[in-house]
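My notes are below the display.

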There are 2 protein chains.
Amino acid sequence: MTTRRDAVHDTLRQSEGFRSAQDVYAEMRQHGAKIGLTTVYRALQALADGGHVDVLRTDDGESVYRACATGEHHHHLVCRRCGRTVEVEGPAVERWAETVGTEHGFTEITHTVEVFGTCSSCSRTSLAG
Amino acid sequence: MTTRRDAVHDTLRQSEGFRSAQDVYAEMRQHGAKIGLTTVYRALQALADGGHVDVLRTDDGESVYRACATGEHHHHLVCRRCGRTVEVEGPAVERWAETVGTEHGFTEITHTVEVFGTCSSCSRTSLAG
DNA sequence: ATCGGTTTTGACAACCATTTTCATTTTGCA
DNA sequence: TGCAAAATGAAAATGGTTGTCAAAACCGAT
């Protein structure tokens with residue numbers, strides 16, 4: 001039997017961008033999956049804790065998740081319109097964060113970096129329509 | 001009469017780091033201010049909209065605010081223990097975000113960058129205690 | 001198969017920051 | 001002074017997320 005966690009993970013993998021727990025739940029139900037909202041939340045958390053999916057917060061405080069191609073540290077370029085996401089790297093940013101933290105006497109430095117924009121197909125749409 | 005918004009702004013100015021709406025409210029009440037929670041929320045939003053204070057989200061989804069020295073675009077180095085915050089600039093990061101977005105055909109690029117760490121006095125404390 | 005014991009599940013209730021509502025108070029201004 | 005518009009705040013509503021707990025699924029041992 002496919003564990004629910006895998007089912008959640010699969011659902012996420014089929015998505016282009018970041019999806020909320022509620023989104024994932026709704027989609028799974030629509031496809032006939034028998035699963036509860038609580039379980040989706042738990043699965044998502046477990047996946048996130050294990051580093052199998054990335055999490056970020058939308059402007060209105062919702063947590064959104066995404067199954068990324070790599071487990072390596074990376075950042076995201078997210079279309080603010082359709083949510084399409086590109087994984088990007090930025091060694092320069094990593095170094096900058098580390099440096100700036102150290103310079104001020106901080107230790108155990110971590111950072112969050114997200115880039116937002118309007119993707120080409122969305123800006124086309126807005127010009128046309 | 002000092003408008004409530006100014007009172008909220010002042011309270012924020014006296015803080016070292018980022019404070020939540022509830023924090024600000026509690027502190028104002030403690031100092032004898034007659035103000036409602038709703039008003040604090042509204043004032044904080046207005047201040048944020050006007051670019052007079054910076055906002056960010058804690059890991060648990062709470063919005064926290066800070067009256068920053070400058071209205072210019074800048075980022076923060078925040079102590080994850082005590083919340084002490086240093087304002088930092090990173091021209092390299094700005095350029096990187098812009099470049100990476102443009103390369104992928106995105107327009108109207110914005111970004112969020114926050115650096116977290118443990119400040120020197122907090123790491124001393126943890127070693128001692 | 002069947003019996004414990006452990007883990008997972010999920011309906012529902014509880015949480016809690018934030019928003020909305022709306023009646024009251026304050027303000028701005030003629 | 002009067003009156004419309006804006007600000008206020010107590011209380012209720014909202015909504016994503018988490019806690020509770022009993023039922024269901026799982027698993028190794030008999």
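**Conventions.** I am working with a predicted model, where local features need pLDDT of at least 70 and side-chain atom pairs count only at pLDDT 80 or more, while totals for chains, interfaces and linings use all residues. Residues are numbered from 1 along each chain as its sequence is written, chains are lettered from A and ligands numbered from 1 in the order in which they are written, and side-chain values use heavy atoms, with hydrogens and water left out.

**Fold of chain A.** I looked up the secondary structure first. Chain A has 5 helices and 6 strands. Helices here are DSSP runs of H or I with at least four residues, strands are runs of E with at least two, and both are numbered from the N terminus. Along the sequence I read α-β-α-α-β-β-β-β-α-β-α for chain A. The C-alpha trace of chain A spans about 55 × 45 × 25 Å along its principal axes.

Next, the sheet. I found an open, antiparallel sheet of 3 strands in chain A, in the order β1-β3-β2. Its edge strands are β1 (19-20) and β2 (54-57), each pairing on one side only. Strands count as paired if DSSP finds at least two bridges between them. β1(A) and β3(A) (residues 63-66) run antiparallel and are joined by 2 bridges. Ser20(A) has Val64(A) as its bridge partner in β3(A).

**Interface of chains A and B.** I counted contacts, meaning heavy atoms within 4.5 Å. 37 residues of chain A touch 37 residues of chain B. The two chains bury about 2900 Å² between them, 63% of it on carbon and sulfur atoms. Buried area is the accessible area (1.4 Å probe) that two parts lose on being put together, summed over both. In chain A, Arg57(A), Trp96(A) and Phe106(A) lose the most area to chain B, together 23% of what that side buries.

I then checked polar pairing. There are 17 residue pairs in polar contact between chain A and chain B, both residues at pLDDT 80 or more. A polar contact is a pair of N or O atoms within 3.5 Å; within protein, one must be able to donate a hydrogen and the other to accept it, and residues adjacent in sequence count only if both atoms are side-chain atoms.

Which elements of chain A supply at least two residues each to the side that touches chain B? They are β4 (75-79), β5 (85-88), α4 (91-103), β6 (107-118) and α5 (120-128). β6(A) gives the largest share, 12 residues. β6(A) also pairs with β6 (residues 107-118) of chain B, antiparallel, over 9 bridges. There, Phe116(A) has Thr110(B) as its bridge partner.

**DNA strand C.** I listed residues near the strand, meaning those with a heavy atom within 4 Å of it. 14 residues surround DNA strand C, and the closest are Arg4(A), Thr39(A), Arg42(A), Gln45(B) and Ser63(B). α3 (37-49) of chain A and α3 (37-49) of chain B each supply at least two residues of this surface. Of the DNA strand C atoms within 4 Å of the protein, 64% belong to sugar or phosphate and the rest to bases.

Last, I looked up phosphate oxygens of DNA strand C. One is 2.7 Å from a side-chain N or O atom of Thr39(A). For Tyr41(B), the distance from a side-chain N or O atom to a phosphate oxygen is 2.8 Å. At Lys34(A), a polar backbone atom is 3.1 Å from a phosphate oxygen.
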